Amino acid sequence: MPQLLWGGLSENWLLKELGDLHWQQITDGLNTPSDRLTDSRGERLYASFVRVEWSGSSTHSFAENDILSFTSALSRYGSKMFFSDTTGSGASGKITARLLSVFS
């Protein structure tokens with residue numbers, strides 16, 4: 001696993017991966033490519049993260065060559081808020097995360 005720092009999984013990489021999964025689910029759910037997400041005035045929309053929470057195994061539990069598999073589900077509240085619940089599982093541990101984004 002090249003996404004490591006000294007002593008474990010990179011938190012920076014983990015946050016980017018969780019954000020990417022979240023964003024992919026939004027565009028898939030809206031059936032719209034990310035570059036075509038606009039408001040009523042044609043202004044580009046982006047998902048801004050309001051909250052990111054994760055728990056489970058320490059990032060130090062994960063070692064080189066571990067395989068971490070993700071499963072995720074997205075839910076929507078209104079026209080602007082999206083929640084994702086993601087689980088990353090591997091031989092060395094498990095991480096669960098909940099992300100909240102709004103369009104800006």
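**Close-up views of a predicted protein chain**

**View 1. Leu68 is a buried residue, with a relative accessible area of 14%.** Buried here means under 20% relative accessible area, exposed means over 50%, and partly exposed lies in between (1.4 Å probe, protein chains only). Leu68 sits in the loop that links strand 3 (47-56) to strand 4 (69-77). Look also for Lys94: its C-alpha atom is separated by 8.5 Å from that of Leu68, although the two are 26 residues apart along the chain.

**A note before moving on.** This is a predicted model, in which local features need pLDDT of at least 70 and side-chain atom pairs count only at pLDDT 80 or more, while totals for chains, interfaces and linings use all residues. Residues are numbered from 1 along each chain as its sequence is written, and side-chain values use heavy atoms, with hydrogens and water left out.

**View 2. The whole protein chain has one helix and six strands.** Helices (H or I, at least four residues) and strands (E, at least two) are DSSP runs, numbered from the N terminus. Starting at the N terminus, the order of elements is β-β-α-β-β-β-β. Along the principal axes, the C-alpha atoms fill a box of roughly 50 × 20 × 20 Å. Of the 104 residues in the protein chain, 31% are buried. Among contacts (heavy atoms within 4.5 Å) with a separation of 6 or more, 58% join residues 24 or more positions apart.

**View 3. Strand 4 and strand 5 (residues 81-90) form an antiparallel pair over nine bridges.** Two strands count as paired if DSSP finds at least two bridges between them. The hairpin of strand 4 and strand 5 has three residues between the strands, and here Gly78 takes a positive phi near 70 degrees.

**View 4. Asn31 has a positive phi, near 55 degrees, in a residue other than glycine.** You can find Asn31 in the loop between helix 1 (11-30) and strand 3. Is Asn31 buried or exposed? Asn31 counts as exposed because its relative accessibility is 72%.
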